[in-house]
Amino acid sequence: MISNSPRVMRDVVKELGYLALGTRFKRIGESLQAQAQALLTTNGIDMPAAHFPLLAALDRLGPLGVSELSQAVGVSQPVVSRSLLGLESNGLVESTPVAADRRVRCIRLSRKGRELVRHAKSAVWPVIEGAVAQACRPLKGSLLDQLSALEFALEQTPLLQRAAAASSAPSTPFRRRSSR
């Protein structure tokens with residue numbers, strides 16, 4: 001039934017509880033990634049947020065093959081290969097064949113990639129991490145309640161707003177975890 005009057009739509013995925021947990025995780029992940037993208041863009045970084053785990057893995061682990069990179073970030077090899085095409089065309093990674101097996105490529109950060117990661121690690125990643133941690137801080141209760149609270153927190157105050165508020169309040173800066 002379609003009507004012209006505005007009506008509040010029920011969130012069926014939320015109502016389905018554990019039955020639709022995968023969809024719920026995907027929805028939260030997409031929301032977080034879109035909001036992280038907004039923060040990256042605001043900080044002058046014009047590349048997909050989804051590429052940063054690959055850059056971070058190469059920064060932390062050094063040169064890797066596509067298979068190893070796929071394992072390090074937990075996504076399929078075809079996804080990694082597609083992402084690497086964009087990273088390579090933007091001059092952020094370099095790819096060379098491995099001498100022992102010419103079918104295997106060794107991927108490493110280029111100088112431009114290292115500079116981007118250095119900038120992101122010092123100026124952008126801590127802001128994103130802090131804003132996400134702030135959104136998660138009040139979570140208590142069952143997993144489904146926590147998901148509802150996190151979704152609500154991200155809807156009410158997106159990461160971009162959280163980051164802006166944090167930068168204007170120097171008395172409560174976000175802190176990076178020191179366990180790395």
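Let me start with a term: a residue is buried under 20% relative accessible area, exposed over 50%, and partly exposed in between, using a 1.4 Å probe and protein chains only. By that rule, 32% of the 180 residues of this protein count as buried.

Now the ground rules. This is a predicted model, so local features need pLDDT of at least 70 and side-chain atom pairs count only at pLDDT 80 or more, while totals for chains, interfaces and linings use all residues. Residues are numbered from 1 along each chain as its sequence is written, and side-chain values use heavy atoms, with hydrogens and water left out.

Overall layout next. The protein has eight helices and three strands. These are DSSP runs numbered from the N terminus: H or I with at least four residues for helices, E with at least two for strands. The order from the N terminus is α-α-α-β-α-α-β-β-α-α-α. Along its principal axes, the C-alpha trace spans about 65 × 45 × 35 Å.

Contact here means heavy atoms within 4.5 Å. Take contacts between residues at least 6 apart in sequence: 51% of them join residues at least 24 apart.

On to aromatics. What describes a pair of aromatic rings? The distance of the centres and the angle of the planes. Rings of Phe, Tyr and Trp, the last by its six-membered ring, pair if their centres lie within 6.5 Å; planes under 30 degrees apart are stacked, over 60 edge-to-face, the rest tilted. The count comes to one aromatic pair. Phe52 and Trp125 form it, edge-to-face, at 5.5 Å centre to centre with 90° between the planes. Phe52 lies in helix α3 (residues 52-61) and Trp125 in helix α6 (residues 111-136), so the pair ties together parts 73 residues apart in sequence. Both residues, Phe52 and Trp125, are buried.

Next, Ser70. Ser70 sits in helix α4, residues 66-73. Is Ser70 buried or exposed? Buried, because its relative accessibility is 10%. Its side chain reaches the backbone nitrogen of Gln77 at 3.5 Å. Beyond neighbours within four places in sequence, Ser70 is in contact with Val75, Ser76, Gln77 and Val80.

Gly86 is in helix α5, residues 77-89. With a relative accessible area of 22%, Gly86 is partly exposed.

Last, the cysteines. A disulfide is a pair of cysteine sulfur atoms within 2.5 Å. The structure holds zero. Cys106 is buried, at 16% relative accessibility. Cys136 is partly exposed, at 30%.

Definitions and conventions: Polar contact = N/O pair within 3.5 Å; in protein donor to acceptor, adjacent residues only side chain to side chain.
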